[in-house]
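I opened my notebook to look a few things up in this structure. Here is what I wrote down as I went.

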Amino acid sequence: MNKFILYLAAAALFAPMTACDDDDEPNIKKEWTDEEVPTRTPPTFVKGCDPSWVTAMEDANWRFRDSEGNDGECLAILKGVGFNACRLRVWVNPSDGYCNTADLVRKAVRAFNLGYTVMVDFHYSDSWADPSQQRKPSVWDDCQTVNEMADKLYAYTKKVLTAVRTNGVDVAWVQIGNETCGGMMKTNSDGSATNVAGTIGPDYVTLHAAGCKAAKEVFPNCKTIVHFENGQRADRLSWALSTLANSGIDFDILGVSLYPDFSDADWYANYIDATIANLNDIHNTYGCDVMVCETGCDIYNSNATKCLADIVSRCQSEVPSCRGVFYWEPECYNPGSGSWNGYGLGGFNANGAPSDPLIAAFSN
């Protein structure tokens, strides 16, 4: 149960946060009609955060503080830093209930009530979808064809987004798959091989189109995102995009992940310079907008302030088609006994307050 001191009046609107099954209804009163859902147009360039772990951290009694050391509600603290957009992932049937539909809705309502523009990040899995694993959700293991899986993906996407909408939240962006440069849903839920997969090419496009169709039906003005890892890898980005383009893919934004590796002596050129060049090349070649959907770094490294500040400022000033930068799980920190889930690239200090590098990069 959340025991934090909420220091913004808007926080009084938030619903209780507990883990639940995917079929559970969010504990939020549903009384919004399509005509009543407020719309929110994002700024031309957004400074975004992805705090999807927040409810799990709160339920485990992790505390968050503002820059003055006062206890506070996490999303409100991030808003005070300067973040104006919130990206939230959703899994199909996670074992602990976090990041399922109900948990997504709770966080989306909280964020929207604080003035954030919202992105929904579909992993189409029961857990992490990333370059190391792209597993189907278990309930789709029995699909016999890609078209059958696309039908289920369409129905699921529409159900999730409808739940968000009927709780009064407008969604500006819908990400169809997470870090899918090598494909999506490439194995069964247990990691075993399958012939029904979103391999880069026509099968990927079929699945992506189903997600986009659902997204546009629920939120006609939303932008759909293809998200690839390793924004610095021109070779991988070019291969995947050209293959998908030849297969007829249709999307609004190409999003990338960018995690500079400070152990590389030429980290700045090999990561930041390279990604800036790649984003401009992608726009010039395919005519789409671009975005950094994930970034982060070791905030205790001496390069951290320059790294984050330059990623944000250069994307805004040197990539006219870039629509924003999102820091992944900025609320994570290490109080001395280990960081949340062992993640070492969070943006908060050991006392649970925003770090100087985070503030320098994302403040207004």
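**Entry 1: a helix on the inside**

I began with what the buried residues of H2 touch: they pack against strand S1 (46-50), helix H1 (54-59), helix H3 (101-113) and helix H9 (356-362). A note to myself: this is a predicted model. I then looked up which residues of H2 are buried, and they are Cys74, Leu75, Ala76, Ile77, Leu78 and Val81. That makes six of the eight residues of H2 (residues 74-81), so the helix is largely enclosed by the rest of the structure.

Just after H2, Gly82 has a positive phi of about 140 degrees.

Next I went for the nonpolar residues. In soluble globular proteins, nonpolar side chains tend to be buried together. Here the largest nonpolar core has 104 residues, and those with the most contacts inside it are Phe83, Tyr116, Phe122, Phe228, Leu254 and Phe362. Helix H4 (residues 146-165) gives the most to this core, with nine residues. Another core, of ten residues, lies apart from it, and I found Val46, Ala172, Trp173 and Phe326 among them.

Leaving aside neighbours within four places in sequence, its contacts include Leu75, Leu78, Phe83 and Cys86.

**Entry 2: cysteines**

How many disulfides are there? I got a count of zero. The sulfur of Cys86 is 4.6 Å from the closest cysteine sulfur, in Cys49, which is too far for a bond. Cys74 is in no disulfide either, and its nearest cysteine sulfur, again that of Cys49, is 7.8 Å away. Cys74 is buried, because its relative accessible area is 0%. Cys86 also counts as buried, at 0% relative accessibility.

**Entry 3: charged pairs**

Side chains of opposite charge can pair when their charged atoms come close.

- Glu294 and Arg87 meet at 3.2 Å, N to O. This pair links distant parts of the chain, with Glu294 in strand S7 (residues 289-295) and Arg87 in strand S2 (residues 85-90), 207 residues apart. Glu294 is buried at 5% relative accessibility, and Arg87 is buried at 0%.
- Lys213 and Glu217 come to 2.7 Å between their closest N and O atoms. Both lie in helix H5 (residues 202-218), four residues apart, about one turn of the helix. Lys213 is partly exposed at 45%, and Glu217 is partly exposed at 36%.
- Arg323 and Asp289 meet at 3.2 Å, N to O. Arg323 is in strand S8 and Asp289 in strand S7, 34 residues apart.

I also noted a network: salt bridges that share partners join Asp50, Arg87, Asp121 and Glu294.

**Entry 4: a charge without a partner**

Where is Asp130? I found Asp130 in the loop between strand S3 (117-122) and H4. Asp130 is buried yet has no salt bridge, and the nearest side chain of opposite charge, Arg135, is 8.7 Å away. What I did find is a polar contact of 2.5 Å between the side chains of Asp130 and Ser132. Leaving aside neighbours within four places in sequence, Asp130 touches Asn178 and Glu179.

Ala353 sits in the loop between strand S8 (322-328) and H9. Ala353 counts as buried, at 4% relative accessibility. Ala353 and Arg65 are 288 residues apart in sequence, but 4.6 Å apart in space, C-alpha to C-alpha.

How values were computed:
Residues numbered from 1 in each chain as written. Predicted model: local features only at pLDDT ≥ 70, side-chain atom pairs only at ≥ 80, totals over all residues. Heavy atoms only, no water. Core = buried A, V, L, I, M, F, W, Y, C linked by side-chain atoms within 4.5 Å. Buried < 20%, exposed > 50% of the residue type's maximum accessible area, 1.4 Å probe, protein only. Helix = DSSP H or I, 4+ residues; strand = E, 2+ residues; numbered from the N terminus. Contact = heavy atoms within 4.5 Å. Lys, Arg positive; Asp, Glu negative; His and termini not counted. Salt bridge = Lys/Arg side-chain N within 4 Å of Asp/Glu carboxyl O. Polar contact = N/O pair within 3.5 Å; in protein donor to acceptor, adjacent residues only side chain to side chain. Disulfide = S-S within 2.5 Å.
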